[in-house]
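Hello,

Here is the structure for you to look over.

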Amino acid sequence: MPDQSFDIVVIGGGIVGLSTAMHATRVFPKLRLLLVEKEDSVARHQSGHNSGVIHSGVYYKPGSLKAKLCVEGAAAMVEFCRLHNLPHEICGKVIVATDEAEIPRLNVLFERGQANGLSGLRMLQQQEVREIEPHCSALRGLLVPSTGITDYAAVARKYAEIVATQGGTVSTGTEVRKVVRGDQEMIVETTRGAFGARGVINCAGLQSDRVSRMAGQEPEVMIVPFRGEYYDLVPEREHLVRTLIYPVPDPKFPFLGVHFTRRIQGGVDAGPNAVLALKREGYKRTDFSLHDFAGTMTYPGFWRMAKKYWRDGASEYYRSLSKAAFVKALQRLVPEIVSSDLAADGSGVRAQAVRPDGSLVDDFQFVLSNKMLHVWNVPSPAATASLPIGQYIVEMARNGFAIS
Ligand SMILES: Cc1cc2nc3c(=O)[nH]c(=O)nc-3n(C[C@H](O)[C@H](O)[C@H](O)COP(=O)(O)OP(=O)(O)OC[C@H]3O[C@@H](n4cnc5c(N)ncnc54)[C@H](O)[C@@H]3O)c2cc1C
């Protein structure tokens, strides 16, 4: 017997779970909703360890969920921040081609951005890049004026506050251990008791495949953790970057390449790189979990992925271990940067879903199965897109669990 019954239990107090809970309690004011989070506060993992960029949607394939929800989400995020007095700024960014071979790829981004409905995009000549970013060296640039910055941990805390004011319950320090299918309802067994629910939404981020398995659902993907490490520009050199400067990304990867990002709290970050993490929720290079590492190493999809990308993986590792290599990558964007300009900063760990054939899931992925909805792939730009993602999940749950 459960200790208490709800209509919906959401697992995971990151920005996606919280947005889902916020929309559900807004659309269905009588809904009895419980959100459980294992840490003692919300946004302790990806949602509190990211670059804080409000992406505009220039990178994503037209027609994909990422493209649609990012473009909608960026506008909604700016409006949400404005409405709730959360720090944000539309500072714009430039994506720069630093060798001839990147120019056609930059043109593709321009076309994608237009196809995705972005306004104000402008291709820039060398001199025009300099007018925006005087210390940036580039052959061509793409100006994306709608890009912004915010503090996603603050946004997530605001979502949690709204959930509570709309009658939902956010229970931190509550770890899900098992999900059992009863005849009448699902039973979510946690470290703080068992909770009944008509439907369960799994927004467990880096643990979402494991939470699926706890419920007896073999996930179609495995979460492979990629750590992204940052350096901080020392205050005397912050003037080298006015807004955000990105390279042209490698189209093979979902990651954007090390770049410069102005922080809403002040300061300029350089990074993040993308190295295989030896612990899913491990933020230091030395963090290691045998369970997590063995899980990755025994997944056939990991080895298929490694076979395809080992060269790129090795150079990311090298760049993680060698500050000189990191500096070299940044010098392609801002040649004046030297090693002493950079101080080691924090890191974040991305949850990247990988299929058994070794391919990386590119688009957002949500799977409804019986009385559960699994959120298996919501990497960047999911913080930007969190408001429409929450709506999308609630719409799926409305049909799947017949909530009202
Ligand atoms: C380095 C980095 C940079 C990024 N930069 C950007 C950016 O600039 N812009 C952008 O839009 N996006 C960015 N992203 C992506 C964005 O941060 C994520 O897509 C988003 O935060 C995902 O939110 P989430 O709620 O799915 O996951 P999370 O925030 O990881 O939340 C999942 C939650 O589930 C909880 N949980 C797990 N297992 C259990 C359990 N058994 N019981 C209870 N709770 C559980 C965890 O503790 C966690 O709090 C970045 C990500 C990283 C890592």
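**Ligand site**

In this predicted model, a polar backbone atom of isoleucine 15 sits 3.2 Å from an oxygen atom of the ligand. That is a polar contact, a pair of N or O atoms within 3.5 Å; within protein, one atom must be able to donate a hydrogen and the other to accept it, and residues adjacent in sequence count only if both atoms are side-chain atoms. Asparagine 50 places a polar side-chain atom 3.2 Å from a ligand oxygen. For alanine 383, a polar backbone atom is 3.4 Å from an oxygen of the ligand.

On its own, the ligand has 1000 Å² of accessible area, and the protein covers 98% of that (Shrake-Rupley method, 1.4 Å probe; for residues, only the protein chains shown count as cover).

Two elements give two or more residues to the shell: α1 (15-27) and β18 (342-354). The largest share, three residues, comes from β18. Helices (H or I, at least four residues) and strands (E, at least two) are DSSP runs, numbered from the N terminus.

There are 39 residues around the ligand, and Glu37, Ser47, Val53, Val378 and Thr384 come nearest. A residue is near if one of its heavy atoms lies within 4 Å.

**Cysteines**

The structure holds zero disulfides (cysteine sulfur atoms within 2.5 Å). Cysteine 81 is in none; its nearest cysteine sulfur, that of cysteine 91, is 13 Å away. Cysteine 81 is buried, at 0% relative accessible area. Cysteine 91 also counts as buried, at 17%. Buried means under 20%, exposed over 50%, partly exposed in between (1.4 Å probe, protein chains only).

**Aromatic pairs**

How many aromatic pairs does the structure hold? Eight. Ring centres of Phe, Tyr and Trp (its six-membered ring) must lie within 6.5 Å; planes under 30 degrees apart are stacked, over 60 edge-to-face, the rest tilted.

One of them joins phenylalanine 288 and phenylalanine 293: centres 5.4 Å apart, planes at 55°, so tilted. Phenylalanine 288 is partly exposed at 44%. Phenylalanine 293 is partly exposed at 27%.

Phenylalanine 366 and tyrosine 392 are tilted too, with centres 5.2 Å apart and planes at 40°. This pair links distant parts of the chain, strand β19 (residues 365-369) and helix α10 (residues 386-401), 26 residues apart. Phenylalanine 366 is buried at 11%. Tyrosine 392 is partly exposed at 33%.

**Conventions**

Residues are numbered from 1 along each chain as its sequence is written, and side-chain values use heavy atoms, with hydrogens and water left out. Local features need pLDDT of at least 70 and side-chain atom pairs count only at pLDDT 80 or more, while totals for chains, interfaces and linings use all residues.

Best wishes
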